[in-house]
Amino acid sequence: MKVKGMRWWIVCLLSGGLVINYLARNTLSVAAPTMMTQLDISTEQYSHIVIAWQMAYAFMQPVAGYVIDAIGTKMGLAIFALAWSAMCAAAALATGWQSLAFLRGLLGFTEAAGYPAGVKVVTEWFPAKERSVAIGWFNIGSSLGALLAPPLVVWSILNSGWQLAFIVVGVLGGLWTLLWIWLYKRPHQSSISDAERAYILEGQEAHFSDAVAEKANWKKTITKRNFFAVGLARVLSEPAWQTFNAWIPLFLMTERHMNIKEIAMFAWLPFLAADLGSVLGGYLSPVFHRYLKVSLFTSRKLVMLTGSLCMIGPACVGLVSSPYAAIALLCAGGFAHQMLSGALYSITSDSFGKNEVATATGLAGMFGFLGAALFTLVFGIMVTRIGYSPLFVVLAIFDIVAACVILTVAREATRPAASTIEPTGTSPEAAV
C-alpha cells in the first residue's frame, strides 16, 4: 500500500525520538532543587554535572555524525537511542554529585546522535524548499521534551521520588527505539507514491542528489567556508538554549521564590513558546522567499536574524519584579532561540551533501556545546555573585552576533535552475 505524504509521518516519528532525548536531559534540571537538597549538591557542583554532560555531548557529536553517515540513519540512531535510554534510567542510581556527573557524562555521549541523525533524515526525505518547515516540526521535539519534563518530574517526586522520573524516561526511550526500528526506511525503500518520490528527488540540490555522493571527511568538512560560519554561530548561540534547559527551574525557585508545584505549573511555558518559534520559523523561511523575492538560503538568514533580535526579551528579565512577567520574557526567549536554531540547522542541511550532512552537523554541534560548557562553567560561578540578569543579557548579545556571522560569512551553494517557489513549503500532492 502506497502512503501519501509519508515524509511528514517520518518527521512525526523523528520528533518523537527528540522528545525522549530532551526529556532525558531536562529531567535533571527539574529534579535539581530536590536532588541538590537530598544529595547535598551545591550550585557550583551542579554546574559541574551539567558541564560533564555538555563536554561528553560536544566531543561525541562529530563521532556520532560520522557513524550515522557511515552505517546509515536507521541502525545508527537506534543504537544511540537504546544507549541513551539506558543511561537516563541509570541516573536513578546516583548517590552524590560525582556519580551523577559520571552518569550524565555517559548520557551526553549517547544523546549526541540525535540532531546529526535528524538533520540527515530531513535532507534525505525533503526537497530544499520544504526543508526549513520539516526541521521546524522536527525541532519541536526538543522543546516539547523540555515542556513535558516539569509535570513528569514533579509527579514522580510527589508520588515516589526523583529516581522514578529517570526510570520512566528510560523506558519510554526503549519503546521508541523499537518503534523506530520497525517503521523507519529510506525513501527508495519506503511505501511512498511515485509522485512523492519524484517530488523529493527533483527538489533536492545538485550536491545532494548526485548519484555518486561525496563521502564524509572531517578535514574537508571543517575547512569549508560555510562550516566556519555555522560552527562559530553554534558556539555563540548554543549557550542560550542550554542555559534555558539547565537553569530555568533553579532561576524560578531561587530568584523568583516559586515552590515546586508552581515550577510544575509555569516552568514548561518557555518551552511551549519554543515549540511555536520552531514551527513559525520553519514557515517564515518560504514566506520570506516568496514575498521578499530572496533565495531560500537568504531566507534562512533572515529568519535567524529575526529570532536573534527577539532575544532582547529575556535580556530584560532583570528589569521586571513580577515572576509572571519574568516567565513571559523567558517565553519570548524560548520562541526566539528555537526560531534561529531551526534556521541554523536548515543552513547546515543546505550546505552539505547527503553523505556529509550528519558529520557537519555533529562537528558544528561539538563546537556549540564546547561553547555552552564554557559558558556554564562561568555561569555556575558568576550566578551566585552577580545574579541571573546580566548573564541573560550576555546570551542575547551572543545570539545577535551569531546571526551577524551567518549573514556576512555563509554563502549559498549552486542550485539547479529548476527550483520553484512554494509559499508554505508544500506542494498540492504533499497536502494530501
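This briefing walks through the confidence, salt bridges, core, aromatic pairs and selected residues of one structure.

The model is predicted. Its chain averages a pLDDT of 81, and 90% of the residues score at least 70. The structure holds five salt bridges and 14 aromatic pairs. Its largest nonpolar core has 134 residues.

**Confidence**

- Helix α18 (residues 389–409) has the highest mean pLDDT among the elements of the chain, at 91.
- Helix α9 (residues 206–209) has the lowest, at 51.
- Over residues 415–432, pLDDT stays under 50. The model has 41 contacts beyond four places in sequence for this stretch.
- Where pLDDT is low, the predicted coordinates should not be read in detail.

**Salt bridges**

- Arginine 7 and glutamate 130 meet through their side chains in a salt bridge, 2.9 Å from N to O. Arginine 7 lies in helix α1 (residues 6–38) and glutamate 130 in helix α6 (residues 128–159), so this pair ties together parts that are 123 residues apart in sequence.
- Arginine 7 is buried, with a relative accessible area of 0%. Glutamate 130 is buried too, with a value of 0%.
- Glutamate 124 and lysine 120 form another salt bridge, with an N to O distance of 3.9 Å. The two residues are four apart in helix α5 (residues 114–125), so about one helical turn separates them. Glutamate 124 and lysine 120 are both buried.
- Aspartate 350 and arginine 300 also meet in a salt bridge, at 2.9 Å from N to O. Aspartate 350 sits in helix α16 (residues 323–351) and arginine 300 in helix α14 (residues 296–310), so the pair ties together parts that are 50 residues apart in sequence.
- Aspartate 350 is buried, at 2% relative accessible area. Arginine 300 is buried as well, at 1%.
- Shared partners matter for the next group: salt bridges join Asp69, Lys120 and Glu124 into one network.

**The nonpolar core**

- Which residues have the most contacts inside the largest nonpolar core? They are Tyr46, Trp125, Trp180, Met304 and Ile406.
- Helix α1 gives this core its largest share, 18 residues.
- Methionine 304 is in contact with Ala233, Leu340, Ala343, Leu344, Ala402, Ala403 and Ile406, leaving aside its neighbours within four places in sequence.

**Helix α18**

- Helix α18 has 21 residues, which should span 30 Å at 1.5 Å a residue. Its end C-alpha atoms are 31 Å apart, which agrees.
- The buried residues of α18 include Leu391, Phe392, Asp399, Ala402, Ala403 and Ile406.
- What do the buried residues of α18 pack against? They pack against α11, α14, α15 (312–315), α16 and α17 (357–386).

**Aromatic pairs**

- A pair of aromatic rings is described by the distance of the centres and the angle of the planes.
- Among the 14 aromatic pairs is the one of tryptophan 180 and tyrosine 184, which is stacked. Its centres are 4.4 Å apart, with 10° between the planes.
- Tryptophan 180 is buried, with a relative accessible area of 0%. Tyrosine 184 counts as buried at 1% relative accessibility.
- Ring pairs also link Phe244, Phe251, Tyr388 and Phe392 into a cluster.

**A buried glutamine**

- Glutamine 54 lies in helix α2 (residues 43–71).
- Is glutamine 54 buried or exposed? Glutamine 54 is buried, with a relative accessible area of 1%.
- Leaving aside neighbours within four places in sequence, glutamine 54 is in contact with Gln242, Phe369, Ala372, Ala373 and Thr376.

**Positive phi in two loops**

- Most residues other than glycine have a negative phi.
- Aspartate 40 has a positive phi of about 55°, although it is not a glycine. Aspartate 40 lies in the loop between α1 and α2. It counts as exposed, at 66% relative accessibility.
- Histidine 257 is not a glycine either, yet has a positive phi of about 60°. Histidine 257 is in the loop between α11 (225–254) and α12 (260–266). It counts as exposed, at 63% relative accessibility.

Key. Residues numbered from 1 in each chain as written. Predicted model: local features only at pLDDT ≥ 70, side-chain atom pairs only at ≥ 80, totals over all residues. Heavy atoms only, no water. Salt bridge = Lys/Arg side-chain N within 4 Å of Asp/Glu carboxyl O. Buried < 20%, exposed > 50% of the residue type's maximum accessible area, 1.4 Å probe, protein only. Core = buried A, V, L, I, M, F, W, Y, C linked by side-chain atoms within 4.5 Å. Contact = heavy atoms within 4.5 Å. pLDDT = per-residue confidence, 0-100. Expected span 1.5 Å × (residues − 1). Phe/Tyr/Trp six-rings, centres within 6.5 Å; stacked < 30°, edge-to-face > 60°.
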